[in-house]
Amino acid sequence: MSEMYKKSGVNLDEAEKLNTKLKSTLKTKNLGAFAGAVEIANLGLKLLTCCDGIGSKIIPLYEKKMFREIAVDLIAANLNDMATRPARAVSFADYIAVNRLDSSAISEIITELENELRKYDCELIGGETSEMPHLLRDGVIDICGFAIGIEKDIKFLPVQSGDIVIGLKSSGIHANGFTLIRKLFTDGKLSDVEFEETLVPAYIYYNEIQSLWDNNLIKAAANITGGGIFDNLIRVIPEGLTLELNYNNIPAQGIFEKLKKITGDEMYKVFNCGAGFCVVADSDNLAEIEEICRNYEPFILGRVKEA
């Protein structure tokens, strides 16, 4: 495997070392979960929380004044994580850090956030904008989202050997691996047209996936973000089981074919490779899942098997 991602500035090996250290020291049961769960016993509720940003994709999006795309990507990063549980998204808050405050640009981003969140019955309740000229370089901002939901009272069905993994097509790169994408573009390995293609916002699968949970059609779900397909999917697979995946079943997208030529197998550790979200289900439910998620061209990615 090449080390193009590491040379571009992101060290996945060091990130894995951090995860290993945290697993050995932290007491939380939520480590590794897409959405953290906290029980409010006296109210009979389980709150779900998510926190995520859109990485260095914010750099070209902000430079190009693609404010709606920023909002959609930020919501996708959080609500797609929350969709891995049967949840009702309740509220959303944002954190924006800037070198120099541009009130016009930031107000547009926040307005777009509120408009998009209405599609998911989720309320933008506030946030924080911080001007830090000594910390961030001129023209650069960072953004992060925080989502809170309430877990629905749904009985979880156990994942078993023989269950199928169903993938949902991505809109493209989504918001992962952009340090490498930007480096490839700067080095002339991606054309202007190909780079513009990577800026398409992520799909937000939340509504369709909640419909699957509501109808007891799935057993587990994974948002395919940084780390690629296998490393995200295995997070929701019980011990004693593993996955057999066929990447050839993913609908072809030109940008990933180009990245395969440039990065080789490293692509599978960095990008979603065309599968933006995955669910695990009994094969008997395939037809209903395909109908509910038809907008994302569902396909059988693989199966669960004994480890």
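What volume does the largest cavity have? The answer is about 30 Å³. The model is predicted. A search of the whole structure turns up one cavity of 30 Å³ or more.

Ile154, Lys155, Phe156 and Leu157 are among the lining residues. Trp213, Asn216 and Ile218 also belong to the lining. By class, five lining residues are nonpolar, one is polar and one is charged.

Now turn to the pockets. Rolling a probe the size of a water molecule over the atoms shows where empty space is left. The second largest pocket holds about 230 Å³ of space. Its lining includes Tyr247, Asn248, Ile250, Pro251, Ala252 and Gln253. Phe256, Glu257 and Lys260 line the second largest pocket too, as do Met267, Tyr268 and Cys273. Two elements, α10 and α11 (267–270), each give two or more residues to this lining. Helix α10 gives the most, with three residues. The class count for the lining of the second largest pocket is eight nonpolar, two polar and two charged residues.

Helix α10 leads on to a helix pair. Helix α10 spans residues 254–263, and helix α6 spans residues 178–186. The axes of α6 and α10 come within 13 Å and cross at roughly 80°. Angles of 65 to 115 degrees count as roughly perpendicular, and α6 and α10 are therefore roughly perpendicular to each other. Which residues meet where α6 and α10 touch? From α6 come Leu180, Ile181 and Leu184. From α10 come Leu259, Ile262 and Thr263. By class, this contact has five nonpolar residues, one polar residue and no charged residues.

A pair of aromatic rings is described by the distance of the centres and the angle of the planes. The count for the structure comes to nine aromatic pairs. One of them joins Phe185 and Phe195, with ring centres 4.2 Å apart and planes at 10°. Why is this pair called stacked? Planes under 30 degrees apart count as stacked, and the planes of Phe185 and Phe195 are at 10°, so this pair qualifies. Phe185 lies in helix α6, while Phe195 lies in helix α7 (residues 192–198). The pair therefore ties together parts that are ten residues apart in sequence.

Technical notes:
Residues are numbered from 1 along each chain as its sequence is written. This is a predicted model: local features need pLDDT of at least 70, side-chain atom pairs count only at pLDDT 80 or more; totals for chains, interfaces and linings use all residues. Side-chain values use heavy atoms; hydrogens and water are left out. On a 1 Å grid over the protein atoms alone, a cavity is a set of points where a 1.4 Å probe fits but cannot get out, and a pocket is an open set with protein on both sides within 12 Å along at least five of seven lines; lining residues have an atom within 4 Å of a point. Grid points are joined across faces, edges and corners, and a volume is the space filled by probe spheres set on the points. Ala, Val, Leu, Ile, Met, Phe, Trp, Tyr, Cys and Pro count as nonpolar, Asp, Glu, Lys and Arg as charged, and the others, Gly among them, as polar. Axes are lines fitted to C-alpha atoms, for helices over the stretch in contact, and angles run from 0 to 180 degrees between N-to-C directions. Helices (H or I, at least four residues) and strands (E, at least two) are DSSP runs, numbered from the N terminus. Angles under 35 degrees count as roughly parallel, over 145 as roughly antiparallel, 65 to 115 as roughly perpendicular and the rest as oblique. Contact means heavy atoms within 4.5 Å. Rings of Phe, Tyr and Trp (its six-membered ring) pair if their centres lie within 6.5 Å; planes under 30 degrees apart count as stacked, over 60 as edge-to-face and the rest as tilted.
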